[in-house]
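Q: Could we go through this model together? I have a few quick things to ask.

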Amino acid sequence: PGMTVVAPNYDMLPGGKGANQAAAAAKALSFTSSKTETRTETIEGRTVTHTFTATTYEKGAFGVEVTFIGCVGQDALKDCALRGLKKAGVCLKHVQKLPPETARTACAAILVDAQGENQIVVGGGANLHNSAKYLEDWLTEGADRGKGLLCVLQMEVPFEENLRAIKLVKGWQTDERRDGFKNLILLNVAPACEVPPPVLLETDLLMLNEHEALAVGGKHPEAVGEWSEVECAAQATAVSEALAQTYGCVVVVTLGRRGCICYIPHQRIGFTADGQGNDGMTRLLVPALSLLNGAVDTVGAGDAFVGAFAASVAQGMNAVDSLMNAVVAGSLTCMGRGAQEPQPTRTEIEKERGKLTYEVDSTVDGADEYICSQSLAALLSLNTDY
């Protein structure tokens, strides 16, 4: 307390958990292509050759639209906040622009050390005025009932609005062509907090890092602070497995440079315990991508992971492919500064995916091929950006 720390420089970059995840999802659904053109001209009797490389994006290549629902203020930060989303191809028609007397665009101070680790303080601003009513308006006016829905939620908006959003999504009916389809809730408990059991029972995909897992599991922060890195990871994975077993949701816990573990309870995929000590759980372990030059900035890695995972699930990919895409996206995002600009496209993800392996611990053949959802065509991020 009271200490002043001097940094050599600063940047102003777009961010926010919901915005980062929406941008990452849109990029994970986009292919890039490069075209090189060579031009030759004569200058003062000398022949000079110029080479130009243009990169183009093919957005929405899989028929999945990413829609962002949230709030910004009508201030100088608004354009910065929305810039990365526009570039990624996210639909922004339902972003609310609040008057100055109501709220300013949310903002965060992010401190990054020489090792790429970070510490963040968030000024909620317009985030705190976000409402599930905006989601309801989209469902009423703009959503296509012929398409399934995956709603991605975070904890930077009022919790009661997330509760309302869950009820809206679960109650929203697709048309007869999708009869019996179950719309999905992906809950990313970030920032970390405890979550009431009724919410966990309605959650299909629960995304946590180590500290978030411990918070959801009710572990006291003071006790956690005394644990070693290894003990913290062990406790977090134990809590995550217990959450999957208790609430029947797929739980993914990210472990930083160690990768991630996914717990799939067999009751979710139609299997039950065999009565011989089988706990009815499949565990998938995917290690992180090796970064030859080390991490530059880890601030957006978790959000890139969530966004790429959501995009893969929305396509109907199985658990292994979805996790591998997410791990690559999170790892590559660490290679640049800021949360959104370094996020990879599907082209870049697929280029690196071959470097990954995975391990399966299951008593059910083929459980690693579990399809997390039917193929969807709409992906929502209910949050705002700063």
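Q: Is Cys71 buried or exposed in this model?
A: This is a predicted model, and in it Cys71 counts as buried because its relative accessibility is 0%, under the 20% limit.

Q: And Cys193, what does that count as?
A: Cys193 counts as partly exposed, since its relative accessibility is 24%, which lies between the limits of 20% and 50%.

Q: How many disulfides are there, then?
A: The count comes to zero disulfides, with a disulfide taken as a pair of cysteine sulfur atoms within 2.5 Å.

Q: Changing topic, which residues touch the most other members in the largest nonpolar core?
A: That core has 51 residues, and the ones that touch the most other members are Leu85, Val90, Leu186, Phe309 and Leu323.

Q: Which helix gives the largest share of it?
A: Helix α10, covering residues 319–333, contributes nine residues, the largest share of this core. Another core lies apart from it, with 42 residues that include Ala126, Ile185, Val189 and Ile261.

Q: Leu186 came up there; what is its bridge partner in β9?
A: The bridge partner of Leu186 in β9 is Leu205. Strand β8, residues 184–188, pairs with β9 in the parallel sense, and the pairing runs over three bridges.

Q: Why is β9 largely enclosed by the rest of the structure?
A: Strand β9 spans residues 205–209, and four of its five residues are buried, so the strand is largely enclosed by the rest of the structure.

Q: Where is Pro191, and what about the peptide bond from Ala190?
A: Pro191 sits in the loop between β8 and α5, the latter being residues 197–202, and the peptide bond that leads from Ala190 to Pro191 is cis, with omega near 0 degrees.

Q: On to Gly148: where is that found?
A: Gly148 is in the loop between α3, residues 132–141, and β7, residues 150–153. Gly148 counts as buried because its relative accessibility is 0%. From C-alpha to C-alpha, Gly148 and Lys182 are 7.9 Å apart in space, although 34 residues separate them in sequence.

Q: And Ala288, which residues does that touch?
A: Leaving out residues up to four places away in sequence, Ala288 touches Gly256, Arg257, Arg258, Gly259, Val327, Ser331 and Leu356. Of these, Val327 is 39 residues from Ala288 along the chain, and their C-alpha atoms are separated by 6.0 Å.

Q: Stepping back, how many helices and strands are in the chain?
A: The chain has eleven helices and 14 strands, and buried residues make up 51% of its 386 residues. Taking contacts between residues at least 6 apart in sequence, 71% join residues at least 24 apart. The accessible surface comes to about 18500 Å², with 51% of it belonging to carbon and sulfur atoms.

Q: What is the mean pLDDT of the chain?
A: The mean pLDDT is 82, and 81% of the residues reach 70 or more. Over residues 176–180, however, the pLDDT is below 50, and in the model this stretch has six contacts beyond near neighbours in sequence.

Q: What about residues 370–386, how many contacts does the model have for them?
A: For residues 370–386 the model has 122 contacts beyond four places in sequence, while the pLDDT stays under 50 over that stretch.

Technical notes
Residues numbered from 1 in each chain as written. Predicted model: local features only at pLDDT ≥ 70, side-chain atom pairs only at ≥ 80, totals over all residues. Heavy atoms only, no water. Buried < 20%, exposed > 50% of the residue type's maximum accessible area, 1.4 Å probe, protein only. Core = buried A, V, L, I, M, F, W, Y, C linked by side-chain atoms within 4.5 Å. Helix = DSSP H or I, 4+ residues; strand = E, 2+ residues; numbered from the N terminus. Contact = heavy atoms within 4.5 Å. Areas by Shrake-Rupley, 256 points an atom, 1.4 Å probe, with all protein chains shown as cover. pLDDT = per-residue confidence, 0-100. Pairing = 2+ DSSP bridges.
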